[in-house]
Amino acid sequence: MEDYRQTKGRIFDIQKFSVHDGDGIRTIVFLKGCVLRCRWCCNPESQEYGIQTMRVDGKEKVIGRDVTVAEVMKAVEQDRPYYYRSGGGLTLSGGESLCQPEFARDLLRAAKECGIGAAMESMAYAKYEVIEGILPYLDHYLLDIKHMDSAKHKEYTGKENRLILENAQKIAHSGQTRLSIRVPVIPTFNDSVEEIRAIARFAKELPRVEKLHLLPYHRLGQDKYEGLGREYGMKEIIPPTEERMFQLKKAAEMESGLVCQIGG
Amino acid sequence: MGLYEYEVVEIKKTDRIDRLVANLFARMPEIESARAKLVTESYKSTENEPMIIRRAKAFAHILENIPIIIREEELVVGSSSLAPRGCQTYPEFSYEWLEAEFDTVAVRSADPFYISEEAKREIREANRYWKGKTTSELATSCMEPETLTAIEHNMFTPGNYFYNGVGHVTVQYEKVLAIGFLGIRDEAQARLEGCDIADGDYVRKSRFLQAVILSCNAAITYAQRYAALAKQMAMECSDAARKAELIKISENCSRVPAKGAESFYEACQSFWFVQQLLQLESSGHSISPGRFDQYMYPYYERDRKAGILSREFAQELMDCIWVKLNDLNKCRDAASAEGFAGYSLFQNLIAGGQNGDGIDVTNDLSFMAIQASMHVQLPQPSFSVRVWNGSPHEFLIKAAELTRTGVGLPAYYNDEVIIPALVNRGLTLRDAREYNIIGCVEPQKAGKTEGWHDAAFFNMCRPLELVFSQGMDQGVQVGVKTKPVEDMREFSEFYDAYKEQMNYMIELLVNADNAIDVAHAKRCPLPFLSCMVDDCMERGLSVQEGGAVYNFTGPQGFGIANMADSLYAVKTLVFEEHKVTLKEYKEALAVNYGQGLTREMVGGMTMQIAASLKENGQEIGEKEVAAIMKAVIEASQMPAVKEKGERLLKLIEEVPKFGNDIPQVDAFARDVAYTYTRPLQEYKNPRGGVYQAGLYPVSANVPLGAQTGATPDGRLAGTPVADGVSPSAGKDVNGPTAAANSVARLDHFIASNGTLFNQKFHPSALSGREGLEKFVALIRAYFDQKGSHMQFNVVSRETLLDAQKNPEQYKHLVVRVAGYSALFTTLSRSLQDDIINRTEQGFC
């Protein structure tokens, strides 16, 4: 077996039959560890690289396990008939996959080499050299852009947005991957027409962006905070209404001229 | 490319269709007495004649005299009852249950029927004649005592054909459409003239052909009565538009089904009379229209080319037929009603697929059939689509749109499995390619097959119970006296004991079915049906006596997931990990894992203990029985018992389960399914055909689960058994693709009487064109892996829970039950719960 298939990494979940993270029917591999600390994060168990325990339905559950690329691919292979029929494949998610650059790269490479479509959902918060190493194996980059204002970005996620925006430019200009921009719409953070418009304007200027996704904030991760013994900082935040999302979609479309979609 | 071009454009529903539906469902269905009276009158006057002639004469007497009605605004006419969705009774098959249930039939939970005092009186009066003359009584006397015992102990349930006509057939509609009953009558006449009175089979042949002639005449007379009624109504009608419609109806009925149809409208009317009258001849259900889009197409195409038929009107006529299919109804005994819940007649109509040459023949009508089901949103017809590698993508997308409405239709069938499976059973490739589905999921070639699909429910869990009890059930030796489980040293011994119990029960099942088969041949041959099935006319033999080209018997097994999980758990926990002994397992099962005993369980155990004490020479009176019962209850409630049970349940929970894409578990499940499918195919039926297994439960997994004790997979006593080939509810935790991969690992080819795989989706799963695309891809990928059938419920859990609370607001909520859809609020509470609890495949 080739060496890269022995590369080890840390994941916390493999989710089959995902239909909202890239084309077709997909298998999502969630990598553990993240650079950002978004207040609304719906996968708080993804943030720490370290293995944790979380209470789920009253039971302690170990979050995180170390696996090889080959082991992950065994699970990914199981749904090959569905990828074949739907144009789906593997999607890496997290966490931030780029926190485990070799593992992420080798997973994508393994998928590509056996004819399985490879996508990655990421904030592009890493040195560009890391991303550059991945691009040859990536079919579709689902790039998260959360805010154009660096100060606000830092306040809500813990980091400035400069690196993300720079990398977005470079990825788009590389021409090596399909690119979609995904914006989590978080009330009180970025849900004003102006803020969404600003992101749309940025997306418009990137070459070859396929689609702009507006992902409405949801509270499905709330229980996990409790399970981890953490305070959920967004208790008061109410998910945006359908009308509101529609309005933002219109605004984004007008501004960018891109195809814009609510949800993944 | 297929053979035909087609249009995908949606056609709007007319207001008439909404009103027809509203009128149909305005009140509770009713039992009527006319047929019971007429069939009895006729039988009394024909006692010395051959049975086939008696049947024909009775059929004619009914059709000449039964009250007829044209409902408001109908365009296609013919009703078997005056009340909408009413039903007639069929005492020649069985009658005692109905009399016993006269006073409860209107208030029972599954499929209640209103019955008037007058109707009760008339039916009771008619029934007096039938003592000792029914098919069910003859069947009973043809069965061996051990078979009757096994039935009594719910090992299997052949009640369907025991109590009722067989149905489960698709006739040559195309023949009636082409030459009419006059044409068929002429054919019979010519054959009759060709017979030599000195031939050895002359008596049989001539009487059969005479019966066909009588039956054809009866159908023609019946249509003429409608022609006259329509004409009279037209004369009395003041509304000009309706008057014109009635005149047209009258013209139609005076031409068809006597003659060949000359227009699409006539073809619709002719089709309907065949469909309706088949059910008036016998009380069988699953009389399936089959490939409606194929045999109706020539008439549609001709009228379209001639410019005399709009697509809109063709659609309205089809919608009318779809509504009419819900007008036919049948009252079953209370127990059967639970097993076939939802007033279902399982009239399966299928669209798409290949012709005999293997070319795709999806056409305009295939799309319009989907549209009709979208328009009427009713359980009938049980609508199906055929899927193969050459199916037009747009056709499947349109079908998925229907799925998205939540009506549980259509069911999807895989040509790539079914065609070779039928060829393996001896059909020609050409015939196999033209298959349609009967009832729930049973494939066959129309107009050539007496498939006896649905021949019995076989609960695969019960033989495993017998392994633990050495064949004893409630103190009676029902099964084989296999080795005590305490003495088993290898898993193979345990598995072999299961197979031994299975084989024995399968033998008894065959005995039961064959006895019933003979009873139908002797007492209820059906000449009208037989004149539309090859080679009955040629052989001068009714379908029931073996006149069809292909003959099968297809009893359906269910509970595979439970048995796979059970046997796998025993293998793992007892023989590999040594965490529990079979003795401990046995004790835990006997007390339902300490989770409380049902009344049936207490009764059963008491009888078991009493019997063994008696065997040891002890006197057992009422007092002793009461003491045993008390001891049983007390023992089962001890904290230690509960604790032990819970410990075992926890261990079982850790064992991998079927439905999660774990190859070794799934391979095991495949082998477990063979314990039913393989032995069965070795048996023959009295019509010269073979047995073939189905793996589907209709809705019997719920009532029969209620009669099943705890199983080693952790399933508690009395709870539903897994439906079809689907994983046990809630045990498939890795999503729809993993479940489908597991199910595809079963051998669907050998289960040629059909397999049934349920999936439930939240409506959000199918939203947008993208949702439909992914949904179709899921079906395709399951079928690529050689799954045979797939069906879906697309309704949110919240909706179903709300419908339980506020049934009056959900009168029209249709859900998928098993091989069919039914109105949710008409189902029994336990079946409703079972549907709610099926694993809902969510999305991320």
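Contact here means heavy atoms within 4.5 Å. This is a predicted model, in which local features need pLDDT of at least 70 and side-chain atom pairs count only at pLDDT 80 or more, while totals for chains, interfaces and linings use all residues. Residues are numbered from 1 along each chain as its sequence is written, chains are lettered from A and ligands numbered from 1 in the order in which they are written, and side-chain values use heavy atoms, with hydrogens and water left out.

**View 1. The interface of chain B and chain A.** The contact takes 21 residues from chain A and 21 residues from chain B. Between them the two chains bury about 1,700 Å² (accessible area, 1.4 Å probe, lost on being put together and summed over both), with 56% of this on carbon and sulfur atoms.

**View 2. A salt bridge across the interface.** The rule (a side-chain nitrogen of Lys or Arg within 4 Å of a carboxyl oxygen of Asp or Glu) finds 2 salt bridges between chain B and chain A. One of them joins the side chains of A:K59 and B:E653, at 3.9 Å from N to O.
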